[in-house]
Amino acid sequence: MYNRGMFWSAIIRALLAMRRDQMCESDEHQNAMDDVAQLENGHVHKSIIDKTLTTLIPQDRMQQTGKSLAGYLDFNKMGNFVVLLTSLRNINDVLETLSQHAGLLLGRERNFQFEANQEVRLSWDSQGYSLPDELEMFFLLILFRHLSGRHFDFNQIELPYSDVAGLVGTLSKAQFRQSEAKLVFTFDSKWLNHTSYYHSAQLVKLLKDALVTVDDLPLQKKLHTIFSKSEKPARIRIEWVAEELGMSESNLRKQLRQENVSFSGVLKNFIHELSSHHLLSGKKNESTADLLGFSDRRAFERSFKEFSGISAGQVRQLGSRLRFHRGNHHLIDVVDNLPPLPNTISQLVSLDNKNATVERVVNIIEQDPIFHAHIMSKASRAVFGSSPKNLQQAVGRNLGVSNIKHLAVVFATQQLLTLQCRHPDVQKLTDAMLLSLTLYQCAFVTDSEQINDEIVKQMLLFGLLSLFIVFHDECILVDGTMQKWETASNFAEFSHALNAEFGICLYGATTLMLLRWGFKSTANHQLWKLCKDATIDDDGIYRHVRLCHNLAFSATCYAGKANPEQLVADLEDQQQSKLLNLLEKWQGL
């Protein structure tokens with residue numbers, strides 16, 4: 001699905017660029033870019049592709065599009081499989097590769113075939129939509145000319161539509177005929193072995209070694225690949241998936257048990273990743289429910305709330321707030337393209353309280369030397385007691401098992417996003433997240449009676465993970481974010497300026513990251529309340545969480561500007577004393 005998604009996203013991007021140069025831009029272009037994001041995440045649906053293409057290639061501009069589009073296509077943006085095809089020795093090698101791996105480009109069900117005699121005959125099943133079929137034919141013509149020269153042409157083209165000349169008719173002198181249900185092409189066999197000047201043996205070896213078919217994938221990725229074929233994923237049933245995988249339902253259930261994989265859990269993750277994307281891009285709850293195949297809007301809203309911890313309307317409201325400010329859709333794009341959590345971190349996060357023993361947690365951490373070293377370093381701070389002699393002490397005595405699970409997500413975010421982070425000192429950001437929890441536990445322990453203690457920890461440790469997104473090099477707002485950061489005198493001032501100018505609530509943006517990583521706890525709901533109540537001067541837990549974040553980040557990142565005494569001036573004397581003493585101990589390390 002990844003290669004097919006990249007192929008179609010590159011074609012849509014080329015059409016958008018061409019239409020912009022022809023001064024034909026419209027409001028539909030943003031919808032097309034939303035579809036591109038879905039495609040690049042591997043969610044390939046024929047009807048969505050056809051709808052987008054129909055918008056971008058109206059009938060009265062068909063010939064002009066055919067004449068111009070080739071100049072805008074970029075093979076390098078079409079995924080590794082297309083890059084491999086462009087690097088092969090000749091057309092014969094392309095056909096041999098397609099005969100083995102056509103599913104990576106066309107889909108497994110398309111039945112690609114070729115016969116080579118005096119004339120070469122290619123065929124595969126139609127998708128049932130004319131524009132996607134024509135663009136596959138258009139691509140193949142451009143690819144073969146890339147390999148063999150601009151004089152290459154088909155002899156005959158057959159498509160299952162009455163108006164078959166379409167886009168390719170502007171470039172090809174082939175005879176066009178209407179077929180029954182297949183795309184059929186013929187060309188002279190003399191073209192098969194014309195050596196391409198773009199052939200690269202090293203690149204071919206590298207890319208061929210990386211080819212993956214669905215049979216080679218881990219079980220969860222196999223499921224995702226099959227799920228992506230369904231236009232209505234909420235209606236997917238296990239018997240259909242088993243049939244698509246070429247096995248019996250009982251064998252699939254057996255494999256799921258052996259690998260400890262929950263079919264319904266994987267499917268719900270898949271569905272709600274899609275639904276989050278639809279909602280953030282502005283689609284209404286009812287439209288999203290229909291797109292995904294729910295029986296009605298209420299069924300969708302119930303399912304989404306149960307899964308994510310916040311309502312579909314809240315996610316849509318957050319997306320609306322982000323899109324309202326120019327450029328903020330790029331923030332959503334960055335989140336959509338976050339890599340998955342590493343396996344070590346996923347294992348820790350998925351542990352329930354019963355199985356989250358010191359021994360089990362230590363065994364998992366020992367698999368990851370980098371995270372192991374990170375835990376030992378954090379646990380050695382004086383605020384956590386004497387330095388641990390081993391990992392067991394660091395986990396069981398200094399940091400605590402539950403804190404380790406939450407710290408794992410912070411560490412993973414840092415590891416995944418540091419290279420793309422424009423902030424000059426990423427370590428200080430993660431240190432401040434850890435400090436905020438320590439400050440809270442020092443002064444406000446009674447608050448946890450109002451909300452589950454684990455949720456409070458998640459709010460404190462996860463709440464500001466979105467800093468890695470607003471400082472992300474690909475976020476269009478990063479220059480403005482850096483300017484706000486450098487001119488602020490404390491963290492609360494920076495956060496307020498970010499919200500006032502760009503409409504970004506850091507807590508709300510963090511919920512996007514947690515949704516992307518499949519977090520379905522109440523933490524999302526509480527972070528949303530932090531975002532919603534950010535301007536309310538309440539005396540409860542939300543005020544204390546925000547205060548600890550402000551104090552921790554101001555002391556860590558604004559040490560020369562912020563005055564901690566002023567930041568805690570509204571608290572009781574005993575609370576002030578506890579917090580300032582802890583800060584002094586932290587900063588004295």
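## Close-up views of the predicted chain

**Figure 1. Overview of the chain.** Of the contacts in the chain with a separation of 6 or more, 69% join residues 24 or more positions apart. The model is predicted. Its secondary structure comes to 32 helices and five strands. The chain has 589 residues, and 55% of them are buried. The accessible surface is about 26,500 Å². Carbon and sulfur atoms account for 45% of that surface.

**Figure 2. The largest nonpolar core, around Leu 467.** This core holds 88 residues. Leu 467 and Phe 494 have the most contacts inside it. Beyond its neighbours within four places in sequence, Leu 467 is in contact with Leu 429, Phe 491, Phe 494, Leu 506 and Phe 553. A second, separate core has 65 residues. Among them are Trp 8, Ala 102, Phe 112 and Leu 140. In soluble globular proteins, nonpolar side chains tend to be buried together.

**Figure 3. Strand E5 and its two pairings.** E5 covers residues 182–188 and is mostly covered, with five of its seven residues buried. Strand E2 (residues 119–125) pairs with E5 in the antiparallel sense, over seven bridges. Here Leu 122 stands opposite Phe 185 of E5. Strand E3 (residues 156–159) also runs antiparallel to E5, and three bridges join the two. Glu 158 has Val 184 in E5 as its bridge partner.

**Figure 4. The aromatic cluster that includes Phe 185.** Eight residues are listed here by name: Phe 112, Trp 124, Phe 144, Phe 152, Phe 154, Phe 185, Phe 187 and Trp 191 form one aromatic cluster. Phe 112 also belongs to the second core, the one of 65 residues. Phe 185 is the residue that faces Leu 122 across the strand pairing.

**Figure 5. A tilted pair, Trp 485 and Tyr 558.** The chain has 25 aromatic pairs. In this one the ring centres are 4.9 Å apart and the planes meet at 45°, so the pair is tilted. Trp 485 sits in helix H26 (residues 478–487). Tyr 558 sits in the loop between helix H30 (541–557) and helix H31 (564–567).

**Figure 6. A stacked pair, Phe 491 and Phe 553.** The ring centres lie 4.6 Å apart with planes at 25°, so the pair is stacked. Phe 491 is in helix H27 (residues 491–502) and Phe 553 is in helix H30, so the pair ties together parts 62 residues apart in sequence. Phe 491 and Phe 553 are both buried. Each is also in contact with Leu 467.

Conventions. Residues numbered from 1 in each chain as written. Predicted model: local features only at pLDDT ≥ 70, side-chain atom pairs only at ≥ 80, totals over all residues. Heavy atoms only, no water. Core = buried A, V, L, I, M, F, W, Y, C linked by side-chain atoms within 4.5 Å. Buried < 20%, exposed > 50% of the residue type's maximum accessible area, 1.4 Å probe, protein only. Contact = heavy atoms within 4.5 Å. Helix = DSSP H or I, 4+ residues; strand = E, 2+ residues; numbered from the N terminus. Pairing = 2+ DSSP bridges. Areas by Shrake-Rupley, 256 points an atom, 1.4 Å probe, with all protein chains shown as cover. Phe/Tyr/Trp six-rings, centres within 6.5 Å; stacked < 30°, edge-to-face > 60°.
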